[in-house]
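Dear colleague,

Please find below the structure that I am handing over to you. My notes on it follow.

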Amino acid sequence: MEPILIQDVLKILPHRFPFVLVDRVLSAGNGEVHALKNVTVNEPFFPGHFPQEPVMPGVLIVEALAQASMFCLHERIEPGTVGYLAGVEGARFKRKVIPGDQLHLHAKLEFLRRGLGKTTCRAEVEGQVAAEATILFAVAKG
């Protein structure tokens, strides 16, 4: 497939600056996705987390994984459908994510039934696992 560029990402995700955390989708299909988040020093959270040593907050890495998870469904859901975070299981953080990093977001759909779904996810930087989690979500018309 052709990559999904930011213009089309914004057609699928309801999030907007400063909270859209997917810049590009490299591949999506068969319930799996590989997306990118380019982490820049201009991110609005870096001045407070932490000024001397900027680190992307773990909760935002999890949010980026949740947003990427919606692209596991993009072949199966109607336009205008929104995914609401319903739970996070087994979140582990193994590497700092800092300005200049390119965060590779991987998600695999485990199931989607009656509007409830689950993905297993991992975020990588330079081939190293930065975070992993299982994301639970509910989908509904926005």
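How many bridges join strand 5 to strand 6? There are 10 bridges between them, and the two strands run antiparallel. Two strands pair if DSSP finds at least two bridges between them; helices (H or I, at least four residues) and strands (E, at least two) are DSSP runs, numbered from the N terminus.

This is a predicted model, in which local features need pLDDT of at least 70, side-chain atom pairs count only at pLDDT 80 or more, and totals for chains, interfaces and linings use all residues. Residues are numbered from 1 along each chain as its sequence is written, and side-chain values use heavy atoms, with hydrogens and water left out.

Helix 2 (residues 58–69) is mostly covered, since 10 of its 12 residues are buried (under 20% relative accessible area, 1.4 Å probe, protein chains only). Its buried residues pack against strands including strand 3 (81–93) and strand 6 (128–141), where contact means heavy atoms within 4.5 Å.

Lys 37 lies in strand 2 and is buried, with a relative accessible area of 4%. Its side chain makes a polar contact of 2.9 Å with that of Glu 43 (a pair of N or O atoms within 3.5 Å, one able to donate a hydrogen and the other to accept it; residues adjacent in sequence count only if both atoms are side-chain atoms).

Yours sincerely

Conventions:
Buried means under 20% relative accessible area, exposed over 50%, partly exposed in between (1.4 Å probe, protein chains only).
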